[in-house]
Structure formats: C-alpha cells, structure tokens
Amino acid sequence: MKKVISAMLAAVLLTTAFTACSSSSSSTKEKSSNDLYQRTELKMDTTIDLRAMGPKARTAVDEAMNRLDEIDQEASTNNEKGDVWKINNAAGKDYVKVGPDTLKMIKTAVQYSKLSGGAFDISVGPLIKLWGIGTEAARVPSDMEIKAVLPLVGYDKISINEKDSSVKLEKAGMSIDLGGIAKGFAVDEVIKIYKKYQITDGLINLGGSSIYAVGKNQSGSQWTIGIQHPRLDRNQGLLGKIKLSGEALSTSGDYERYFIKDGKRYHHIIDPHTGYPADTGVMSDTIVIKGDVPDANMIGDLLTTTVFVSGVDKGLKFMESLNGMECAITTTDNKVYASSGMKKRIVDLHPDFKEVE
Ligand code: ADP
Ligand code: MG
C-alpha cells in the first residue's frame, strides 16, 4: 500500500513539476520503466497523463495521444478548421456537417440537458465568453449584459440532422462549448485504443478531472487515485483517496478556473438559467461509474458538471435515478454528501471535511 501511494505521489509530483515548467520548449515528458510506458503532455487545456503496461504499451499511448489531438481540434472553440468553430460561426444561418465525434458529443449533451432540466447545457457559449473565466478578459459582467445573452442560451435551439450528420444553432449569436463533455469523451476513445492493443493495465488521466483506471498498477494492486481537496493544492493535501479498477472517475470543482472579486469566487461552471456561476453551495463533486456502462467517462464528465449546477438535493436525487454510478459532493460548509456506495470507498478523508450520515 505504501508503495502504491508513493508511486502515486511521485506521479503527482512529476505532473506538478512538469506543469510548472510547461513554458519550456518541449511539452512532452516520456518515461519508461519495467513494463510501464508513460507520457505526460499538455493538451486540451490541461495535463494529460497516459500510462500503459505490456508489450504494446508505447504504440497504444502514442496513438492515444494523436487521437486526443484530433478530438481537441474538433472540439476547440478557437480552431477555425474544427467542427465546433464552424457550428458557432454559422449560428442563425446554416446547418454544418460534422464528424462522428462531434455529433456524438452534441447528441449526448442534448439528451442529458433534457434529463437534467437544462442544468447541463452546451449552449452556454455566450455566457462563457461574457465571463471570460480562465482568460485574461475575466470580469464580472453587469446584470444587463447577462440578461441580454440569456435568450441565446438553450439546448432546445440546437437542431441536429442525424441523417446527414449536421448541426445548426437556430439563433445568430448562439455558440456551443464542449468543455464539460469533451475530456470524458476523449477518455472513452483512449480506452478503445488501449483495448485494440490489449492493454490490460494502465491509467488514463486527463487533468485529474477525467480518469479511467485499467486493471492494476505496477505493484499489481488496484490504482489509488487522489481526489482533489477543493481548497488545497494537490501537494498540500487531498480530499481523500479512492481505489479504482475498470471504472471511470470524474470530478468538477469551483477551483479549476476562477477568480475572486470582493471576496466572492466566480468560477467556470455556469448555471444556464441564471447566467451566473452556479451558486448552490457546492465546491466540488466526484462521480464513479462502472466501466461497462456505455460511454462511462463522457457520462461521468457531463454528470459532475450537472450535479454541480443542480446542488446537493437535486443532484443526489438525479444521480439516484441513474444506475451503476456513485457520487460524492463537497459543500462550502465543509461537508461531504455521498451516495451509500461511495461512502465506503473514499478513504483518508481530509479532517477539514465531515461526512454527512
Ligand atoms: P473541467 O473542465 O475542469 O473538467 P467540467 O467538466 O466541470 O470541468 O466542465 C466545465 C466546463 O464546461 C466549463 O469550463 C465550460 O466550458 C463548460 N460548462 C460550464 N457550465 C456548463 C453547463 N452548465 N453545462 C455544460 N457545460 C458547461
Ligand atoms: Mg464535467
């Protein structure tokens, strides 16, 4: 166990050290020891850490990195050659033909928008732009500015023509943002590549917020994953740890991208109904989904965003309506609300937090 944790810490340190010197010319870190092949790289606006064991580990990881680039290009709001940019650029005008990845993400997003009563909604693009959180343009917009863009938000104004794989945003000025679903989708795609190369042990970690553990770690034990403490840097402490094998883990939090103005935290998860960063007392939430649930990582990714926006009561109720998933939510009063299955799984809970029975 000790060995597992120190291996994990080493990985965290490696990632941290790597992030700190990301401005250096090389953005790739490669490590190969024993049977394990590992690549750590900056992509999709985050640190990607792919590990695999077995004879085809290198091939699988390298191919997976290329696949991630492909998804990033398609889903980016800034890439003029990508599907999302084209859809946004044609808002209020035309249908845009898109590739199967984009179509799948948009279809799934709209499906879960309906299920969640609009808590998850990729058409928050105009609000993301207005707040600029995580960019140099970040600021608190006026109520009037927010009210002015709210009519441009609404998943019911996203039209999908499945037959010819095309998408149209019905109003000029609308835009979609796949930031709450693309990483999870990408993990599911990496799993397909791992399967193709018979990788039975490995770890797929997209920025700590979308993680899938394949089989066992180097010591032959289940992977032990640290869950981010919402108010501490990773090297200062964790919320807790969880052992994973053949499962998807997703976390959303108000600490990922935010700024503080007049003592108030403004973060990157937007309530599509109000136009403001979701303010339900949630600091973070973590969902574990069994790997045999179809698209487990994509669903996990969008669900943590959904639960964050929905708040504890609605969020837990919503999670109960779905099968094969466990959820834990941390709140601003330092409590952890967990589904029954999740309670037993989080170990070494940080003393800052108290679990609600
Ligand atoms: P992370 O990117 O840190 O994993 P999330 O999975 O919670 O975080 O996704 C947050 C991102 O999702 C935001 O940066 C934004 O791009 C997008 N987003 C914000 N609010 C919503 C929302 N209500 N519905 C869908 N997507 C959202
Ligand atoms: Mg998410």
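The model is predicted: local features need pLDDT of at least 70, side-chain atom pairs count only at pLDDT 80 or more, and totals for chains, interfaces and linings use all residues. Residues are numbered from 1 along each chain as written, chains are lettered from A and ligands numbered from 1 in written order, and side-chain values use heavy atoms, without hydrogens or water.

Select ligand 1 and display its surroundings. There are 20 residues around ligand 1, each with a heavy atom within 4 Å of it. Among the closest are Asp177, Ser252 and Asp301. Helix α8 (residues 296-310) supplies the largest share of this shell, three residues; helices here are DSSP runs (H or I, at least four residues), numbered from the N terminus, and strands are runs of E of at least two.

At Ala119, a backbone N or O atom lies 3.1 Å from a nitrogen atom of ligand 1. The side chain of His268 places an N or O atom 3.1 Å from a ligand oxygen atom, and for the side chain of Thr305 the corresponding distance to an oxygen atom of ligand 1 is 3.0 Å.

Finally, select α5 (125-131). With four residues, α5 gives the most to the lining of the largest pocket.

Key:
Polar contact = N/O pair within 3.5 Å; in protein donor to acceptor, adjacent residues only side chain to side chain.
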